[in-house]
Amino acid sequence: MERAVLQITLFGLLLSLVSAQPIKSDWDIYSFHINSTVTSRYATTLITSRVANRMDVSKEIEFQVRIPKNAFISKFRMFIDGQEYNGTVKAKEEAQQQYTGAVSRGESAGIVSSVGRTLEEFKTSVNVAAHKKVTFELTYEELLKRTLGKYELQIHARPMQPVKDFKVDVYIHEKSGINFINVKGGLSKMANAITTQHVDKQAWVYFYPTEDQQKTCEGCGAQGMNGDLIVVYEVNRDVKLGDIMTSDGYFVHHFAPSDLTRIPKNVVFVIDQSGSMNGRKIHQTRIALRHILSDLAEDDFFGLVTFDSVLFHWKRELVQASQTNLDNAKKFVNNIRDRGATDINKAVLEGARMLNANSREGAASILILLTDGDPTSGVTNIEAIQANVRQAIADKFPLYCLGFGFDVNFEFLKKMSLQSNGVARRIYEDSDADLQLKGFYEEVATPLLTDVTMVYMGGTNLTQTNFSQYYNGSEIVVAGLITDNNLEAFVPQVVAISGTKRMMFSDTNTTLESTGTVSDVRIQRVWAYLTVKQLLEKQLQLSGAEQEKVKKEALELSLKYGFVTPLTSMVVTKPPGESTDVLHKPKEGKAAASPHSHVHRFQAKPSKGKLMHHFVQGQLRPQVPSARNGLALPGLSGRKGQRGQIGSAPPGQPGLPGLPGQSSSPGLSVDHLSVAGDMSMFNAYGSMDTDDDSAFLMPIAHDAYDFDMDDLQATISSHVPHTTAVPSSHRFLLKTQSLPLCFDVTGDARLKLLHYSSRELYVNGELDSTFNGGFTKIIIHFSADQHVEINTSEIIVREGNKTSHHTGEDPITAGGVTVIKRNKEVDVAAGDVRLVILLHEKDGNTFLWPAIRQQPADNALAHGILGLNATVYEEVQQTPGTKLKINNQVFDVTRSSAVDYSIASPPTLGCWLVSAATALQRPLDDFIVMQL
């Protein structure tokens, strides 16, 4: 237990390691991914860590995780030598028996857990044989809490070594639409490693730092990153009743009206000034109180009471927050001194008396207690104090308890707060303790509603429905079951008091729609999550048989949904011969060719005209020769009796596009057949399907060939139907801050995707022949004789005359490029450039789609479709048809849609359809290459 541990954390979670001072040659966290999906504020996060033992002997690899305090772990598993080992959630007592048995046998089965401000820590370990690998997967779930008008998703990264394949993918979908999204935290300063996309109801955040960035960022070093990445967002709030999502008999209601008038408040601050508050704590308390007093509105009334073994009043009654009174109160605050013992009972009862004696109609009353220790004077029995406070407050206003440091009995404060409709919050002894105090006050500074009752006709098994107050920037969430899944009989309403007025929120015009089968489990799990949370709080307030009943209900739900809660533990199964680990949730403060093929050979003759033909989906289509339609390579001639050589153009050189061809087997295709006067070009082999299911093949030598064009055209005419086929088109999206632009590229063109003029890196791709499909292969050039080819089945690396084929998931390094293949994607890192190439399937066809996740600082020097900056446009006319103004030019546009294949689960987005030249602001030919 005392051995040094290399810890890795992310999203509040993770990582696996081996020693406090790891040696790169001994172990390697070669891949670390966090995938978080947030739908209707409910976040499900999967963390995957892959670790290799590079030593010649077996090694114990530790997996250490930190998750948000409000989250429940719901799944854990390990993969070793192809064998899967799953964690199982069991009742804590049952899990403890396994734990105790292991310890009694002298096995290292214990799990040390500790807690920070916002994270809980778990860990397990497994023995990995020499030169073997282990994969850890952990899933946790949490309902994001709205605070001060926003939601925050926290990622804490401290891997203790740079990770070659390190990435964070966050996807957010909100039914009501996303108002804004941004990223903050120390790691957000690596701006070029972060990509954020936001379109209407969906948003994506990608964090793909390179190894070098993980060493050089703020707070980083040789041991990698150490910092936070926080995704912040808010939703649109157009409906006063809020968002209601239903699915398969369950519902979740998010209620957060924002256009309400604030109501004045009566607030009393009860401040501990006992001897234990000496030093920095009392100093920070004074600073925070001065700030809080400055934030009081003139129609607020307030009181100040400090205490040790006796009470000290600034005023014995509440006074208005006039400037004079505030100035005098600040003088009182400046003179607060630490001394004496701690009489919490007397102090809280006095604060309650002051509020009861000075209640005002239309005002919201709030009692706030700050203390750092246990009661040591007066009434010291905890149960007696809780009973006295509950009787004095009598549900008339909430009590908020702030526990300063770790000497305080936090369970005592938590129960006392919950019994009076409040919450307890720990204030951490740190340099920002005053900001923590001020931050808490801001959460309750603006009450908007009191006595809030959530009513659901036709609903049952509801979570909490009564709330003493609703504050600006917060949110009330209720979940439950819909009786008999009868949406027509399900009527939600909210009744509350706003000042002196009774308000009712309802929307009889709202049609409740099911989210469909995709979200069935998630809606149900939100209900289970909330129910378990509230049952755990309820049991703290009860005793005896009532407490046991509530505890049993919470345990049953925890086991049913696989949540690791204070009542359950995760039993980690390991390979035979190793101990079983038990993960506990800590308490706060603890610490081929067609068989019918017919082959034909031809003698080339000179062409008698300028008619061009292209094989298109197994047919011929006449076309007028043009730079856009033909495809001729330098050094290739079709004169009779003259042999032509296929020329070689440097990667990325602008050329002409190809059009789609249908191949009967891999490697046998005629992509183009062009005749333009004396110029023509063929692929190595071509095939064309005919009505009798035969294949028409043309073997053409790579080095030289002779052919007679008259014979060729006559023979083709006898084998091919004379119908016309239109080449397939592919729709591209250009993201903007508003509605994206989209444009079509016709045929299986070869496109310049990315090139930086400051470095030797070219990325080109060839489109397939599937309608609105993607790319068949993508080539990455990183030097004159080195490149990587990525297709739908393998990765091919060519270095000079050496060629290697890869299909596994081991990292591939060639030159300065690292490529890692996954099940549905390929990750590419080239210096400070990060690409992901996604694998999609459509109508039985598989294709690729590239997306850039990180661009270098000199992105202004980028060329290619992926290097384009977001287009800025202005809508200048909406009737009778929409026109857009781009770079001082006006263009007609059409409202359309496109599939965004740059996303793993591609959504369909609305877009303005324009020509390629309009969207790209240059001819499409500028993005065409002659060869990949």
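Helices (H or I, at least four residues) and strands (E, at least two) are DSSP runs, numbered from the N terminus. The model is predicted: local features need pLDDT of at least 70, side-chain atom pairs count only at pLDDT 80 or more, and totals for chains, interfaces and linings use all residues. Residues are numbered from 1 along each chain as its sequence is written, and side-chain values use heavy atoms, with hydrogens and water left out.

View A. Helix H7 spans residues 410-419 and contains serine 417. Serine 417 has 0% relative accessibility and therefore counts as buried (under 20% relative accessible area; exposed is over 50%, partly exposed in between; 1.4 Å probe, protein chains only). Leaving aside residues up to four places away in sequence, serine 417 touches Leu399, Tyr400, Cys401, Gly422, Val423 and Ala424 (contact means heavy atoms within 4.5 Å). A polar atom of the serine 417 side chain lies 3.4 Å from the backbone nitrogen of cysteine 401.

**View B. Packing of helix H5 against helix H6.** H5 (residues 344-357) and H6 (residues 382-393) pack at an angle of about 5°, and their axes are 9 Å apart. Axes are lines fitted to C-alpha atoms, for helices over the stretch in contact, and angles run from 0 to 180 degrees between N-to-C directions. That angle makes H5 roughly parallel to H6 (under 35 degrees; over 145 is roughly antiparallel, 65 to 115 roughly perpendicular, the rest oblique). From H5, Asn345, Val348, Leu349, Ala352 and Asn356 meet Ile385, Asn388, Val389, Ala392 and Ile393 of H6. The contact of H5 with H6 has 7 nonpolar, 3 polar and no charged residues. Here Ala, Val, Leu, Ile, Met, Phe, Trp, Tyr, Cys and Pro count as nonpolar, Asp, Glu, Lys and Arg as charged, and the others, Gly among them, as polar.

**View C. The open sheet of 4 strands.** The strand order is E15-E16-E27-E25, with antiparallel pairing (two strands pair if DSSP finds at least two bridges between them). Strands E15 (243-247) and E25 (459-460) are the edges, each pairing on one side only.

**View D. Strand E27 and its partners.** E27 is largely enclosed by the rest of the structure, because 7 of its 7 residues are buried. Strand E16 (residues 250-255) pairs with E27 (residues 476-482) in the antiparallel sense over 6 bridges. Phenylalanine 255 stands opposite isoleucine 476 in E27, and tyrosine 250 has leucine 481 in E27 as its bridge partner. E25 and E27 run antiparallel and are joined by 2 bridges. Leucine 481 in E27 is the bridge partner of threonine 460.

Conventions
Polar contact = N/O pair within 3.5 Å; in protein donor to acceptor, adjacent residues only side chain to side chain.
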